[in-house]
Amino acid sequence: MEDMLQKDPFGEKLLSVAGHDMNQTQIEKFQTRINEMIEMANRESGYYAASQSKAKPKKQPKAEEAEQVDADEYVRRAKRSVGRSEGAEAEEPEEEEFSSYNIYSNYVERNQLTMAYDALWLVIIQFGAVFVCYHSSKFACKVMMQRMGFALPMALSVPVTVFLLSTTCKMRTKDSCHLTNILTVELFWQCKGTYTSFSDFLLSPQTWIWLCWLASQFWITIHLWNPKHERLAKSEKLFILPYYIGAFVDQSLAFNRRRDDKAKIKAEDLEFDTEDSSLTYETIPGLQTKTPPSVCSASSSKMEHGMIRDSASSADAITKIYACATMWHETSHEMTCMLKSLFRMDEDQCARRNAQKYLKVIDPDYYEFEAHIFFDDAFDINEYGEPEVNKFVKQIVNVIDQAASAVHQTQMRLKPPKKAKTPYGGKLTYIMPGKNKLFIHLKDNQKIRHRKRWSQVMYLYYLLGYRLMMKVDDPSRKEVISENTFILTLDGDVDFTPQSVYLLVDLMKKNRRLGAACGRIHPRGDGAMVWYQKFEYAVGHWLQKATEHMIGCVMCSPGCFSLFRAYALMDDNVARRYALKSEEPKHFIQYDQGEDRWLCTLLLQRGYRVEYCAASDAQTFAPEGFNEFFNQRRRWIPSTIFNIMDLLKDYKNVVSVNESISIWYIIYQLVMLISSILGPGTIFVMVVGAISISFTIDTMISLVIVSIPVIIFIAVCLTSKPEHQLICAQTIGAIFAMLMTAVIVGTSLQLQKDGLLSPHSMFMVAVVTSFMTAAILHPLEFTCIIPGTIYFLAIPCMYMLLPIYSVCNMHTVAWGTREDPRPTEKNALAKRPANLETGIKEDLSSGCSRFLCCGRNTVDPMSVVINEKINEVIKKVERIERKQHPSLARRASILSSTGGTIQIDKCSEADEDEQAEIEDALEMSNQSHAAKKNQKWKQAQSEAWLADKALKRAEREFLEPEEESFWNDVIEKYLSPLVMDGKDMDRLRAGLIAIRNSHTVYFLMINVVFIITVLVLQIHKDCLNIEWPIGPKYNHTVRPCYASHDDSKEEIWVMTRLQLEPIGLVFLMFFVSILIIQFLAMLCHRFGTLAHIIASTELFCFRKTMDRLSEDELVAQNAVEIARELQAIRGIDENAHQIDMEDDVDATGASMRGPAQRRLERLFTAQQDQSSPMDANRRKSNSRPWEQPSPADAPGVELRRF
């Protein structure tokens, strides 16, 4: 402490070390070593002096003096030799008063100064070692490596340290110079006493005290060897206190580690239902093979009313996943990809359920699953004004069996669905092979609002409002269920695996305040546009999303593949605001054009966190055409800007409420918004400068060349139809893509001229290095860097023309993608009445733009009457012409006696006259029924679509009165079709045009001012510049700046460093700063992703080999995989080849299935004994219970019951 209070506590100090009881040989070795050190020091100093002669031993002092060394005397001598008195010059010390070493007859002394800042370095090393120990311990616990990465090091740290210290002390007694070349004398620990043998060490009382203390520590921390926490658990769940003791970091961490709770969910708490005898699918033999038999044939069915149980239990904490997909006009291939993903989830959930039910294991990743598909615009209107399912609904009904067959690798057909009429249209209910339900909700535009946002509102209120809030009364139980219930939002063309969902669930379990988590989206498709999007998506996820995740929150969790927590969505200011009707013109842009970003904005404003998981992969079909891509981004760009501006305006509330968002993150988002707005101007200046340098033309001429196509495009966007705008964008974009080759040449010439140390060169190197490093750190996505050339050529089109197109068409709120042109209708009744959301294109009188228009939501009565009369006249004329034909008498037999709807087989081979006669009879029947109802037809009561040929095998069911009442209330309050009168429509048009005009003016003016400023400063760089301090000087000509315009204004030669215009340098440093932040954040996020992957990967390094495992151990370690193998579906013809195929299975798989099947037989038999006495006869046979053929099976087809 006295040393620390001195003026220079870390300075050099004199240290004296003595070696006693040395013989003559040791003294001579010491003298030789000292001479070698002096000689080496002289050589390093630049001169060489011969070593001194052998020093004569001094007179041996008395015994008392030989045992003690007066260090204070040496200190006083050293101070006299190196110190100076204040105000006077120091006297020259005598050489004999201080020596670096002293040699006596039986001992030697070494006098030396300590290293400068040795104590400071010791403190830094201590802090660094403790810091690394603490964070590595947390990392080991988070990634499920606690035994080897935390428990073992904590247990061995003290014994190993004691062993090393004692061993080193023993070596030091033999050799006084031991480790002096590594550790300086003052840093070596003191050895108070030594033991002559190991037995002496064990018999020492201090040893027994230490061993007892160590044993007690092992006993207290025995729970460290049996962890039961979840993956990536937060530090609060792992350690009791948030701090640690640096001096005893190992014991502090070991005692601070929480004792994990035991598993809360038991197999008996899952409440599996009894076996359902209904047949859910059938397999068709002879096409595909898969060896193991099906165990799911005996699995339990889901609860009848969803995944929420009637009474409270520990099973309320089970993870519940509702997969909710929105569909519109997807192709059959896109539908198949999404359905295959759902069937994979169904198969995985079934395996986990069977592992717990039959193998009696606790699966920490167990979840319950249910799938919902919400079909927008699912109905067409036939020629009689009745709704019928459209071709897309028929398409998904046809491909659902194909998707199931592809997943289960055998040809199969699901049980026909149940069909029900609902207040919003209709519903189809399928039972998937794993006994999980799949609901397809068919939305009728005439009964409920369509588009993606309103479909999301539907399942939010249905699953969370009706299923949870109305069915559960206990508030605490509601909270537990909602925290463990998740909505998996999907698009109709997404493709993912169950492993990707696990990773998102891990993030949800880690943080209760996490409202949403998204994965890595991979675009798929063919063509140059898809290649461009592959690189764009890769760079956006690698750098931008990773940065948002690390320094704040992800701004947008895409609706194509994201996981939302039910507790966060049930927040009143989230669900209620998300269901708000768009009243103001800007709401149509912010709410409806980017619904996923709007939902995330609401979550962030309520204090919830949104994260990004790079290890969770999903594929989606990207726009393959130029027009579709531009229309998609035309929706995204304005919505993104409006939502970011909304968040920035509310930054005080967001920073105070959301602990993940700081003021620095708000500044980062503001900077990114400014860079996005100035992006077109930056690209414009870059192209102008590159053309000027490449073609050695004046900057003003280059400016004119680039400005002409841009001005033409702006004029076209403001005056022409969207089709013409897109044609113009393609043409000008192709021209700029060719000019980008000039940019490459110009940039190369500029870099050669300015040198590698110029800011432009450093920026280019930084960009290329960051992209390549990011690609290397994402090895599975490295090929995404290949389309970078296409991305570079498309920069002017995508970062200059696309923003202009988006801003100039901001008033267009049509969807623009996956549009399906309607076929030509036979009469006006078949045409769907337009409302606000379907949109009617209307040209203004000026011809400058188009708008979405709304009509009445109901059929015009006058149009109905007129069309009915016209049809009646036409049919009567046709009947008069056909009276001579005998087929007219068949008309009476065609009419339905009870209903007013007649099924017409379109594939029949009736001739044209017979078909006309049938249509005539149908028309007369409809007229008769209409006459009975006073010609007042109610569309809400129509059930014509239930009799459609595609659904003829479906079983009819009816909604419960409570559910039907719920839907009626929700539709009336939130989801009724939007109808606007003429005044509201005019106000909406005027508001959208005003927003478009104002934002277009601001956008263009800001970029024009930026372009003019940069170019003017570039032209007058000789007058106003900043000299770059790095790099060599070079000769160049400058035009001096004079106040008067005289003849003396001539170019002169000067020698300076690189001169830069101020604005360009500022923005260059601005972009470099953003790039550095994103690069560092990407590195941190990569480390987090690595930890997540390690935590999700099972390591078998220290497990027993397969042949040494007992039956119970084998089943416990591989329960889910065994259940997945045993539940595989196969056809009946595979039984004959079962023995042959089992020979092809590897020895590991066979050894796993053998004891697993034996145990499964015992468990199954025990359950059947309790349920039915008929199972005794089944056990008498040698066949397994799940291999018993059903008596109802037809030849060649085996019916498997789940």
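Where is the place of Thr-429? Thr-429 lies in strand β11, residues 425-431. This is a predicted model, in which local features need pLDDT of at least 70 and side-chain atom pairs count only at pLDDT 80 or more, while totals for chains, interfaces and linings use all residues. Residues are numbered from 1 along each chain as its sequence is written, and side-chain values use heavy atoms, with hydrogens and water left out.

A word on the labels: helices (H or I, at least four residues) and strands (E, at least two) are DSSP runs, numbered from the N terminus.

Back to Thr-429. Its relative accessible area is 10%, so Thr-429 is buried; buried means under 20%, exposed over 50%, and partly exposed in between, with a 1.4 Å probe and protein chains only. Leaving aside residues up to four places away in sequence, Thr-429 touches Pro-417, Lys-418, Leu-438, Phe-439 and Glu-957. Contact here means heavy atoms within 4.5 Å.

Next, the sheet. Strands of a sheet pair through backbone hydrogen bonds, either parallel or antiparallel. Two strands pair if DSSP finds at least two bridges between them. Here eleven strands form an open sheet with mixed pairing, in the order β14-β17-β15-β16-β13-β5-β6-β12-β11-β10-β20. The edge strands, each pairing on one side only, are β14 (495-496) and β20 (955-957). Strand β11 runs antiparallel to β12 (residues 437-443), and seven bridges join them. Tyr-430 stands opposite Leu-438 in β12.

Helix α10 (residues 332-357) packs on this sheet, touching strands including β5 (319-327), β6 (367-375) and β12, and its direction makes about 160° with that of β6. Helix α11 (residues 391-408) lies across β5, β6, β11 and β12, at about 145° to β6. For these angles, axes are lines fitted to C-alpha atoms, for helices over the stretch in contact, and values run from 0 to 180 degrees between N-to-C directions.

Last, the rings. Rings of Phe, Tyr and Trp (its six-membered ring) pair if their centres lie within 6.5 Å; planes under 30 degrees apart count as stacked, over 60 as edge-to-face, the rest as tilted. The structure holds 26 aromatic pairs. Phe-1070 and Phe-1071 have ring centres 5.4 Å apart and planes at 70°, so this pair is edge-to-face. Phe-1070 is partly exposed because its relative accessibility is 21%, and Phe-1071, at 24%, is also partly exposed. Elsewhere, ring pairs link a cluster that includes Tyr-532, Phe-535, Phe-626 and Tyr-805.

The charged end of Arg-453 sits over the ring of Trp-454, 4.2 Å from its centre. The criterion is NZ of Lys or CZ of Arg within 6 Å of the ring centre and within 35 degrees of the ring normal.
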